[in-house]
Amino acid sequence: MPSNGFHSNGYALIRHIIKSHSLDLNRTYEDFDKSLGEELLTPTIIYTLDCLALIKGLGENLRTFAHVTGGGLTSNTARVIPDHLTAAFDRSTWSLPLGVELLANIGEIERADFEATWNCGIGMVAVVAPDSADLALRSLSARGMSGWVAGAIQARSGRDGATLEGAYQAR
């Protein structure tokens, strides 16, 4: 499920970028429909009802959830994946949010660093049985929540409980 902003995470880094580059919080940057300050104050999506709908609709075909908070997508997902498995995410299934792109570019933040700090566009991960993915997506859509298949659970071949592969979708 998508995030709709930074979701209150990584603000130490955000404050550092704002201060060190004297960014104007009242400025509306290219491609934004609101000021940087408004972007940073966007309230977090609350996923409770969407998660409850998936629990009810999928039953045992829903394996787990990972709420993507501080630490980014991989560390939050790795916490809920059994030790013998890994969640392999494919970046090409979504685009980085404009706010992430803007601050990462201005602050010259390396991809590994911003991915380990910000949610990068995914706010909640639902791990479902492969044959239930379409049902999960239809259920979310019926509630007005978008979603997509962002990767797959695989046998673990290394240390990581979650990985990011490929390049983000171009906007």
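**Helices, cysteines and overall fold**

Analyst: In this predicted model, the exposed residues Leu49 and Lys56 lie on the face of α3 that is turned away from its buried side.

User: Which residues of α3 are buried, and what arc do they cover around the axis?

Analyst: The buried residues of α3 are Asp50, Cys51, Leu54 and Leu58. They are on the same side of α3, because the arc they cover around the axis is only 100°.

User: What covers the buried residues of α3?

Analyst: The buried set consists of Asp50, Cys51, Leu54 and Leu58. The elements that cover these residues include β1 (62-67), β3 and α7.

User: Which residue just after α3 takes a positive phi?

Analyst: The backbone just after α3 has a positive phi of about 55°. The residue with this angle is glycine 59.

User: Which residues of α7 are buried, and what arc do they cover?

Analyst: Helix α7 spans residues 133-142, and Ala133, Ala136 and Leu140 are its buried residues. They fall on the same side of α7, since they cover an arc around the axis of only 65°.

User: Which residues are exposed on the other side of α7, and what covers its buried ones?

Analyst: Asp134, Arg138, Ser141 and Ala142 are exposed on the other side of α7. The cover over the buried residues of α7 includes α3 (48-58) and β3 (124-128).

User: Where is glycine 144 placed, and is glycine 144 buried or exposed?

Analyst: Glycine 144 follows α7 and has a positive phi, near 90°. Its place is in the loop between α7 and β4 (151-155). The relative accessibility of glycine 144 is 66%, and the cut-off for exposed is over 50%. Glycine 144 therefore counts as exposed.

User: How far apart in space are glycine 144 and aspartate 50?

Analyst: In sequence, 94 residues separate glycine 144 from aspartate 50. From C-alpha to C-alpha, their distance in space is 9.2 Å.

User: How many disulfides are there, and why?

Analyst: A disulfide requires two cysteine sulfur atoms within 2.5 Å. The cysteine sulfur closest to that of cysteine 51 belongs to cysteine 120 and is 20 Å away, which is too far for a bond. Cysteine 120 is likewise in no disulfide. The count of disulfides is zero.

User: Are cysteine 51 and cysteine 120 buried or exposed?

Analyst: A residue counts as buried when its relative accessible area is under 20%. Cysteine 51 has a relative accessible area of 10%, and cysteine 120 has a relative accessibility of 3%. Therefore cysteine 51 is buried, and cysteine 120 also counts as buried.

User: In what pattern do the helices and strands follow one another along the sequence?

Analyst: The protein chain has seven helices and five strands. Read along the sequence, their pattern is α-α-α-β-α-β-α-α-β-α-β-β.

User: What is the radius of gyration of the protein chain?

Analyst: For 171 residues, the globule rule gives 16 Å. The value for the protein chain is close to this, so the chain is as compact as a globular protein of that length. The radius of gyration is 17 Å.

User: Of the contacts between residues at least 6 apart in sequence, what percentage join residues at least 24 apart?

Analyst: Of the 171 residues in the protein chain, 42% count as buried. Among the contacts between residues at least 6 apart in sequence, the share that joins residues at least 24 apart is 80%.

Note on methods: Residues are numbered from 1 along each chain as its sequence is written. This is a predicted model: local features need pLDDT of at least 70, side-chain atom pairs count only at pLDDT 80 or more; totals for chains, interfaces and linings use all residues. Side-chain values use heavy atoms; hydrogens and water are left out. Buried means under 20% relative accessible area, exposed over 50%, partly exposed in between (1.4 Å probe, protein chains only). Helices (H or I, at least four residues) and strands (E, at least two) are DSSP runs, numbered from the N terminus. The arc is that of the directions from the helix axis to the C-beta atoms. Contact means heavy atoms within 4.5 Å. The radius of gyration is taken over C-alpha atoms; the globule rule is 2.2 Å times the number of residues to the power 0.38.
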